[in-house]
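Subject: Structure handover and notes

Hello,

Please find the structure below, with my notes after it. Could you read the notes beside the coordinates?

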Amino acid sequence: MNKHNKNFEASLSRRQVMVGALGMTFAIALGGRADAAVLTGERIGQTFSPWVSIAPDGTITIMSAATEMGQGSMTSLPLIIAEELDADWSKVRIVPAPPIDTIYGNPGFGGMMYTAGSNAVTSYYIPLRTMGAQVRRVLLDNAARKLGVPVEELVTEPSVVVHAKSGRKLSYGDIAAIAEIPAKAPEIKPDQLKKPSQFRLIGKDVMRVELPTKVNGSAQYGIDIQVPGMLYGTVLRAPIEGSVPNKIDDAKAKAIDGVTSVVRLPHGVGVVAQTAWAAFAGRQALLDAVTWTRTGTAWGFDSDKGHDAFAASAKNLKEAARDWSAQGNARGEIQKAANLVEAEYRCDYAYHAQMEPLNAVASVSAAGDTVEIWAGTQSQTTATEAPAKLLGIPRDRVKLHDLLMGGGFGRRGNRDVDFIVDAVMLSKEIGKPVKVMWTREDDVHNGRFRPLSAHYLRAGFDPAGKLTTWHHRVAADRITPFMDPVRFQAGGGRDGMVMAGTDVRGYDIPHQLVEQLYRDTGVRTNPLRGIGVTANKFATEAFMDELAYKRGVDPLAFRLELLKGTPRAQKVVERVAQMAEWGKKREGRALGLAYIDYSGSQVAGIAEVSLNRATGQIKVHNFWCAIDCGVAIQPDNIVAQTEGSIVYGLGMTMSERISIKNGAVEQSNFYDYSLPRMNEVPEMHVELIQTDNHPTGAGQMSTPLIAPAVSSAFAALTGVRLRHTPFTPERVLAALKV
Amino acid sequence: MATNFIVNGKPAKTDAPSATPLLWVIREDLKLTGTKFGCGTGLCGACMVHIDGKRAFSCQTQVSEVAGKSITTIEGLSPDSSHKLQKAWLAESVPQCGYCQSGQIMSAADLLKNNPKPTREQIVQHMSTNICRCGTYKRIVRAVERASKEA
């Protein structure tokens, strides 16, 4: 049963009072990136933002470095500190950390504050535990001094230091009131951290701190903010990236009651109004009243034709490609293969569809030298950096209130924060605070999609029937250079977000070659839950299934044989097969299996499907999933994230499709971009396998299982392979006719 | 012309043009921001409220249509988060991002009001009006079932 922590609602206002509060504060920069990589503490007049502060009343305030979009990091990161600190969780307050990269930056993203990649827990785990242990050690040392006993005789219970010999106790609050802070942080060696068997909080399922606010309407998202004197803004955005407004006829928009101004922006036309509804009406009135320059790469692009071209290039081995990864000598060995199998796969563009349309509130000062921003963002770094650049001011003149996100899924982390800057632009222009809201249509038309991709795969078997060679060519629209040119440069020009998941980690295949055919259609792209892994694992895992059939081997046995050297992988695959009763015959239904090593997390899934042969409609009845992501900080939350990942993967597998005609997005809203509803989701059976391995991610690892599992179940049922996601009824019927 | 109505048991008034969707009056004028904007087309259910005791998409309801009517939003479902659905939602740890959950709870409350002991199929059918992009459907079913078992 969840423990209830009531400390979230009060916590946001604590940020102001905390600075200068009595008690202890601690700040440690992670990963040695700053000179200040030492413990510092001050009683009064704290100027350095702390991770942890302890007030004389025992309240422990912990900064949340990760932003919250439903994945639970706002709870799990502070929980990791609290574990080693041995804090009484009921006395912990959690506060969003300010945008100071050197203190709070994510070690997994080169120190920028960025919540993505399902890597918050995995990257912060050891640094935060170490810091929690350091703070505890300082408390112990102070208690030893106060009690006049050797520190070795002291132990801690939640928020209390205990001297067992004399029966004396000091609460953390008592110690905070008298503590002396050492100039240098005490050294904590890895073996001084708790053993998993000693955990009081990790693995025990505390209630996520913000949950109570999410059942009574009090949770605050960016879109809920109002500030005094605020006006409302909308932006009619360029239909094609790179276009700018040409002629603007603003007469109709300006005639709408409540519209105060129409503003030419670099990327669109802004409307400012006294009410939200007038701002929306003003945007609507501009629809036929703006012409656009024919600039930008995507003009004329047609995604169906483009997809055919991608696929032809991927298959044409003479067409230039760049080696993405190689092992052994795949080019040579494939020539010698006794048996060669080839296949093609395709994935369409897909849209994030976070439920909260993009929005932000910005208030630029009259002099233009400071700005206050209220927004939900996956990156406090980019959310402050881009506005600072725009206004030509230092980053510390940007005050960010990072709020809960109504979904992120990768949409709210791009370097240019397109969902924040137009509020800044409009506020600067009119000299008042502005709340800019995107309509759902804006959110779709100006989405940043999971890219279009085409995959050509070849596999070679030796005369004994062993799979020896693997060759995968991916032609896909770029992501990283578009969504984050800074990271692209820093990463040596490699587009990992597109190519992730092309590896076949875990499988024993001696010769492997993966090639990238870099494509830039001009269409807007971003990481999207599962990033490249979703497309690439559809290709590799469905192909793995085809290879098993070609060899006349059961797909489960085929994988287990190849996974022999990878016990953790074997375990999830064996377990999910047991859960689904793999060998059992089913009337009118069949099973399909997929396995993935996703950033170290081991996941395996099985889909059970049936087919309506008249309509082409596939039904997924059951989905079984086993996941081993190492130490489970919040086990039930990992299960919840896995359930959510399955539903998300189901959408991209069955119905979700963005198409581009003449450079523009064809879909508009949920009537032509169809998301899974309750009556479309299968029974989900998720089993968490807890191990003592370093914790790895859970937020998206199961999403890429669905497409290959459903494709393989369909193949088992019909003998026909589905090769193009989503598996719409039209495509299913077409595949059956061939 | 002003429109008068009742929100969460209290009289409310707006001067918004009569075609303004109720959603925006609730959120921006009355500052009851628990009711959410999701699609503006009555397809996602994030904006679900009760009008005279029945669920309704507030984004599809013009303010002129609610003159004299009584509206309940998530903030008015209970004074202290004590509605059995709200308790069940926490017991099952339903919300992830939470953005759709006000609408989900308002839809579920409408179901239980008319059908206190729904079958699983009835729950699924009724709740399929509401989209949850985080994919919390399984837990929503469990929470509705839990609440329906409470006296």
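A salt bridge here is a side-chain nitrogen of Lys or Arg within 4 Å of a carboxyl oxygen of Asp or Glu. By that criterion the structure holds 63 salt bridges over all chains.

This is a predicted model, in which local features need pLDDT of at least 70 and side-chain atom pairs count only at pLDDT 80 or more, while totals for chains, interfaces and linings use all residues. Residues are numbered from 1 along each chain as its sequence is written, chains are lettered from A and ligands numbered from 1 in the order in which they are written, and side-chain values use heavy atoms, with hydrogens and water left out.

Helices (H or I, at least four residues) and strands (E, at least two) are DSSP runs, numbered from the N terminus. Buried means under 20% relative accessible area, exposed over 50%, and partly exposed in between (1.4 Å probe, protein chains only).

The side chains of A:R346 and A:D308 form a salt bridge at 2.8 Å, N to O. A:R346 belongs to strand 14 (residues 339-347) of chain A and A:D308 to helix 8 (residues 303-315) of chain A, so the pair ties together parts 38 residues apart in sequence. A:R346 is partly exposed at 21% relative accessibility, and A:D308 is partly exposed at 43%.

A:R519 and A:E319 also meet through their side chains in a salt bridge, at 3.2 Å, N to O. A:R519 is in strand 21 (residues 511-519) of chain A and A:E319 is in the loop between helix 8 and strand 13 (322-327) of chain A, so this pair ties together parts 200 residues apart in sequence. A:R519 is buried, with a relative accessible area of 19%, whereas A:E319 is partly exposed, with 29%.

A network of salt bridges links A:E241, A:R411, A:D416, A:D418, A:R448 and A:R524.

Helix 7 of chain A

Seven of the 10 residues of helix 7 (residues 276-285) of chain A are buried, so this helix is largely enclosed by the rest of the structure. The buried residues are A:A276, A:A278, A:A279, A:F280, A:G282, A:R283 and A:A285.

Axes are lines fitted to C-alpha atoms, for helices over the stretch in contact, and angles run from 0 to 180 degrees between N-to-C directions. Contact means heavy atoms within 4.5 Å.

The axes of helix 3 (residues 101-114) of chain B and helix 4 (residues 120-127) of chain B come within 10 Å and cross at roughly 130 degrees. Helix 3 of chain B is therefore oblique to helix 4 of chain B (under 35 degrees is roughly parallel, over 145 roughly antiparallel, 65 to 115 roughly perpendicular, and the rest oblique). B:Q104, B:S107, B:A108, B:D110 and B:L111 in helix 3 of chain B meet B:Q122, B:I123, B:H126 and B:M127 in helix 4 of chain B.

Helix 2 (residues 84-91) of chain B and helix 3 of chain B have axes that come within 10 Å and cross at roughly 125 degrees. These two helices are therefore oblique to each other. On the helix 2 side of chain B the contact is made by B:K84, B:L85, B:Q86 and B:W89, and on the helix 3 side by B:Q101, B:Q104, B:I105, B:A108, B:A109 and B:L112.

A loop residue in chain B

B:T61 sits in the loop between strand 4 (54-57) and strand 5 (70-72) of chain B and is buried, with a relative accessible area of 9%. Leaving aside neighbours within four places in sequence, B:T61 is in contact with B:T20, B:P21, B:L22, B:I51, B:A56 and B:V66.

Regards
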